[in-house]
Protein chains: 2
Amino acid sequence: MKKDIIESYNRISPYIHKTPVITSTTINKITGGSLYFKCENFQKMGAFKMRGATNAILQLSSEQKQKGVVTHSSGNFAQALALAAKNLGVKSYIVMPSNAPDVKKSAVRGYGGEITECEPTLEARESTAKKIQLEKGATFVHPFNDFNVILGNASAGKELLEKHSDLDFIISPVGGGGLISGIALSALAFSNNCKVIGAEPFAVDDAYRSIESGKIEHNLTIDTIADGLKTSLGDITYNIINNHVEKIIRTTEEEIIAAMKLIWERMKIIIEPSSAVALAAILNSKTEFKNKKVGVILSGGNVDFKNLPFS
Amino acid sequence: MKKDIIESYNRISPYIHKTPVITSTTINKITGGSLYFKCENFQKMGAFKMRGATNAILQLSSEQKQKGVVTHSSGNFAQALALAAKNLGVKSYIVMPSNAPDVKKSAVRGYGGEITECEPTLEARESTAKKIQLEKGATFVHPFNDFNVILGNASAGKELLEKHSDLDFIISPVGGGGLISGIALSALAFSNNCKVIGAEPFAVDDAYRSIESGKIEHNLTIDTIADGLKTSLGDITYNIINNHVEKIIRTTEEEIIAAMKLIWERMKIIIEPSSAVALAAILNSKTEFKNKKVGVILSGGNVDFKNLPFS
């Protein structure tokens, strides 16, 4: 595993940013812990997803690369795959629900992705992607339930642990589980017993419930400001999380907004609500992290400035 | 001069952040130049003013320190002096106009500053500060027209030029002129002919007009989003700017907002409108900076998130 992560890291490193790790005296005072923020909001296209997308494409054969890649996504992975493909001279087909925001469609187009719109249901997304696979011979890349994507994401954990090998914990948001799976594998490979904890909104606590019940659970509603965390786990991410993630801490919407505001105001960096969930979890479980060294994955920084939650 | 700047730097460095210098491939592509952003938005209390305030207090005698410092300001300098004084165990008296935003008053109080409110006129501010000087024996520290404040600010230029000694230009916003004066002195001391250029909104172009007319000009209106740049020059800053600043580039309000949005969206960092004026100037004078190495001073990051200019 360690070898796989190192090889993935070497493979993608010409195409990604080695993002900084920053600290905040003020936030350390407030939490009582020593927090090390891994800034994937500064990653290319504004999110960690660039890592996994790049690794997945680089693992294709020349013949596969010639025929292109396809995915379905309404969020950051659509942009990540389009940009990673462009950087590698590969054609990308992106299936997006017809109700996806124009700004996201323009971003995908700006990166050279060819968009096919479909009805906003998972079934329509999957069948449209399947059709493109068959017609174009393009290779499907899943946004998170793909081992090469997870290995690419693991490079963020590797970079963090190389700088701070003595972390007691790393906290990562959980959506489909692709990020935290990579972080958990990197903690196994590069740390001395650093525990990985997930952070999830109560409103979409499928990962928490999946670990409780012992099988993949789904979200009945998706009413959260953390729009990157609405997805349920896949079988690969479920297994990694179930085996290697210590636990999941849940947060309220108010806690997410307060944590986001704290980071914007005090650290002067832009993170998206999904990233704030990790700090929100630390703040609602302070005693657990008191005097501990805690890595915090800031997963992305793509925000609609017209729709900020601060009142 | 070089010796003075080095001594000021050594004096204040335990109390300030050595802020990072960052770059953006996207913004370099857009401008055609190589831009090096000096991130004073990450400075303590969110602005470069921490440097000058700290240096001014550290230059006082023990007796002066015991009696405290006083200033009048409705903006970042009020907070900077209060925090710098607190860090050095010195009492601070801050005269603020009664119409200053509550959030700024709370920040000053949070740093231990004793606020005296007065009518929102320059005359009332000056006479109230004078009264405190007489009653308390406190030393008045001017927000910008003070050589020790300017020397403290110069440390930002020193840090930038130590990392990038081959800059062709440094662009800095101009308000009262305390920042750009420090930058100009540091360019004289630490660069090989790096030219310093000011950036100023058309709406408050007193520095531009002062250089044109050969005397200190004032602003008749102060209708700009760049609220840190409304002040006119003082005699000390006017003289330094007149002798050592290449020129002033003026920008429209639309250009300021567009530049601010570009930095927020692409660099994922929070800067205040006054900081965006520097990039706005580069964008409206692109040919001048094409293929040049340009330092850009991001002066601060204190923003009211409830009142963003993005539409």
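Which residues does A:Val90 touch, not counting residues up to four places away in sequence? I opened my notes with this question, working on a predicted model.

**Entry 1: A:Val90**

I located A:Val90 in the loop that lies between α5 (76–87) and β4 (92–97) of chain A. Leaving aside residues up to four places away in sequence, I found that A:Val90 touches A:Ile57, A:Lys65, A:Gly68, A:Val69 and A:Ala85.

**Entry 2: the annotated domain**

I consulted the UniProt record, an unreviewed entry, which lists residues 12–300 of chain A as "domain: Tryptophan synthase beta chain-like PALP". Over residues 12–300, chain A is 48% helix and 17% strand. The end C-alpha atoms of this stretch are 18 Å apart.

**Entry 3: a sheet in chain B**

I traced an open sheet of six strands in chain B, with the order β1-β2-β10-β7-β8-β9 and mixed pairing. Its edge strands are β1 (21–22) and β9 (247–251) of chain B, each of which pairs on one side only. I noted that helix α12 (residues 253–267) of chain B packs on this sheet, where it touches β1, β2 (34–39), β8 (195–201), β9 and β10 of chain B. The direction of α12 makes about 90° with that of β9(B). Within the sheet, strands β7 (residues 169–173) and β10 (residues 293–298) of chain B run parallel and are joined by three bridges. There I found B:Phe169 opposite B:Val294 in β10(B).

**Entry 4: helix α10 of chain B**

Which residues of helix α10 (residues 206–213) of chain B are buried? I recorded B:Asp206, B:Ala207 and B:Ser210. Seen down the axis of α10(B), the buried residues fall within an arc of 95°, so they line one face of the helix. Among the elements that cover them are β8, α11 (235–244) and β9 of chain B. After α10(B) comes B:Gly214, whose phi is positive, near 80°.

**Entry 5: the two chains**

How is chain A laid on chain B? I found that a turn of 180° with a shift of 0.0 Å along the axis does this, at an RMSD of 0.0 Å. That is the relation of a two-fold axis. Of the residues of chain A, A:Ile269 comes closest to the rotation axis, its C-alpha lying at 2.1 Å. I lastly examined the interface: 100% of the interface residues of chain A are also interface residues in chain B, so the copies meet through the same surface.

Notes:
Residues numbered from 1 in each chain as written. Chains lettered and ligands numbered in written order. Predicted model: local features only at pLDDT ≥ 70, side-chain atom pairs only at ≥ 80, totals over all residues. Heavy atoms only, no water. Pairing = 2+ DSSP bridges. Helix = DSSP H or I, 4+ residues; strand = E, 2+ residues; numbered from the N terminus. Contact = heavy atoms within 4.5 Å. Axes fitted to C-alpha atoms, helices over the stretch in contact; angles between N-to-C directions. UniProt positions renumbered as here; feature names shortened; annotations may be inferred. Least-squares fit on C-alpha atoms with pLDDT ≥ 70 in both. Buried < 20%, exposed > 50% of the residue type's maximum accessible area, 1.4 Å probe, protein only. Arc of directions from axis to C-beta.
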